[in-house]
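This report describes selected local features of a protein model.

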Amino acid sequence: MKLRVALTTTDLTSLEHKQTLISSPSGMEIQVENEQRVKTVTLLPGQSVRVSPDGESMSVIIAGHGRFKAARVVAGPRKAGDSFFIDSVRRPRARGLERAEYRGHELDVNAVNGRLRLILVLDIEQYLTGVLESEVPASYHLEALKAQAVAARTYALNPRISHEKDNADVCDSYLCCQYFAGHKAVTSAKHMQAIEATTGEILKYGTRAILALFSSNAGGCTSNYEDCFSDPKTNFFPPAPIPYLKAVQEKLHGAIELKHASPTELEAHLKEMWQSKQHTTFDSWSPHFKWSVQIPAHSLEAHMHHELSLLLKDKESAPFVIPPEGGKFGHINKFSVTKRGVSGVAMELTVHTSTGDWQIRKELIIRSAFKNPEIKLARLKSAKIFFEHQHDHLGLLSSLTVKGLGWGHGVGLQQTGAQGMALAGKHYRDILVHYFTNAQIYRIGS
Ligand SMILES: [Zn+2]
């Protein structure tokens with residue numbers, strides 16, 4: 001089964017490329033299409049093709065062959081399985097950012113609004129080797145890697161955000177879909193084993209592939225879908241619940257009743273988990289299980305004010321930031337979480353300022369509101385948070401300590417929890433049905 005993956009720019013935020021340079025150590029076949037005519041050029045090993053937008057079409061320069069005008073360019077390796085490089089896209093490798101390397105059927109280049117759109121066409125199983133390499137270390141237990149392979153394969157078939165308008169199935173950025181940072185020169189044998197042992201397996205609920213969300217660490221309990229995400233079509237929050245994306249506890253022994261707990265009781269539970277010295281959950285072995293960050297009040301005020309005004313200007317985020325009457329952001333007195341999901345995740349945060357209360361809603365928006373370049377913070381690691389306020393001799397806020405559990409949204413499968421379960425002897429099928437309640441494993445084509 002072939003998959004179309006839209007490649008993002010180096011910062012992973014955009015599908016629009018200014019130009020591109022493609023080459024392969026073993027040579028390539030390049031098809032330049034223009035007004036029903038197709039010209040095929042063979043590139044020698046190491047030779048490159050440069051494509052730039054030119055109005056509504058593209059300009060193509062092929063070393064040794066000249067310059068062409070094109071409506072579409074399709075570049076493929078001469079032998080299936082050979083790798084090729086895109087110099088204009090950089091991805092993390094052992095020594096830092098390097099030109100992106102891919103294997104696959106072909107790269108489809110088109111002009112869209114004066115920029116280039118790059119779509120990699122490859123077999124879904126080949127795509128999965130890149131996703132597994134990008135998402136989980138090969139040192140993980142094989143059963144955890146197998147669970148991740150099935151979840152990632154399922155996600156590719158049913159992503160949360162549709163890329164139909166981009167003429168693709170998924171994109172390669174973790175900010176939107178799942179992370180696919182290209183292919184490494186040599187694929188790890190264990191990643192390959194996890195993919196091959198689960199070939200074609202996906203998760204279904206009823207007759208459809210599930211929305212197989214996953215994150216790194218859930219901080220002792222995963223979250224309900226409706227406590228973290230808005231509806232992808234209407235942006236309404238909270239959206240309709242999804243029956244298989246339910247909060248599950250990661251307790252090694254037994255479980256506790258959290259269903260009807262108040263925000264205060266849930267906060268007390270988070271504190272207890274944070275302070276506990278013992279490993280009591282599948283995911284507490286991970287360094288991402290708990291964290292804390294301290295922010296001086298003056299820096300917090302300046303950057304949060306700036307971030308909130310940016311969020312208010314963004315069409316998608318604006319409905320989740322509610323300013324007080326007058327719309328001023330004064331001196332911060334206090335933070336309080338006024339609504340929590342069953343896992344303790346913050347659904348609504350109130351920032352009490354001298355000019356009134358600001359309300360911030362939804363997991364990712366709450367995390368993003370704390371962006372602070374001064375302390376190199378892109379966003380909080382999670383929204384399972386509680387606060388400690390420090391005051392000066394006048395009783396004014398001098399700094400804030402945010403303490404938190406987990407890394408990521410915590411909905412669906414969590415990678416460190418899957419590893420904990422695998423180490424405790426669980427099979428990948430047990431891991432998957434633990435995180436995706438009542439979903440069924442199904443083999444495509446069977
Ligand atoms: Zn995407």
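## Cysteines

At 28% relative accessibility, C176 counts as partly exposed. The model is a predicted one. C171, by contrast, is buried, and its relative accessible area is 2%.

## Backbone geometry

Most residues other than glycine have a negative phi, and most peptide bonds are trans.

The peptide bond running from F237 to P238 is cis, with omega near -5 degrees. P238 sits in the loop between β16 (214–215) and α4 (263–275).

L12 is not a glycine, yet its phi is positive, at about 65 degrees. This residue belongs to the loop between β1 (2–6) and β2 (20–23). L12 counts as buried because its relative accessible area of 9% falls under 20%.

N167 also has a positive phi, near 60 degrees, and is a residue other than glycine. The loop that holds N167 lies between α2 (142–157) and β13 (170–171). With a relative accessible area of 47%, N167 is partly exposed.

## Accessibility of the residues discussed

| Residue | Relative accessible area | Class |
|---|---|---|
| C171 | 2% | buried |
| L12 | 9% | buried |
| C176 | 28% | partly exposed |
| R115 | 30% | partly exposed |
| N167 | 47% | partly exposed |

## R115 and its contacts

Strand β12 covers residues 115–123 and includes R115. At 30% relative accessibility, R115 is partly exposed. Apart from neighbours within four places in sequence, R115 is in contact with E16, H17, K18, P53 and N110. I431 is 316 residues away from R115 along the chain, and the C-alpha atoms of the two are separated by 43 Å.

## Helices α2 and α7

Helix α7 is made up of residues 415–423, and its axis comes within 8 Å of the axis of α2. The two axes cross at roughly 140 degrees, which means that α2 is oblique to α7. The crossing of α2 past α7 is right-handed.

On the α2 side, the contact is made by E143, A144 and Q148; on the α7 side, by Q415, A418, Q419 and A422. Sorted by type, the residues of this contact are three nonpolar, three polar and one charged.

Key
Residues numbered from 1 in each chain as written. Predicted model: local features only at pLDDT ≥ 70, side-chain atom pairs only at ≥ 80, totals over all residues. Heavy atoms only, no water. Buried < 20%, exposed > 50% of the residue type's maximum accessible area, 1.4 Å probe, protein only. Helix = DSSP H or I, 4+ residues; strand = E, 2+ residues; numbered from the N terminus. Contact = heavy atoms within 4.5 Å. Axes fitted to C-alpha atoms, helices over the stretch in contact; angles between N-to-C directions. Parallel < 35°, antiparallel > 145°, perpendicular 65-115°, else oblique. Left-handed = near helix turned anticlockwise from the far one by under 90°. Nonpolar A, V, L, I, M, F, W, Y, C, P; charged D, E, K, R; others polar.
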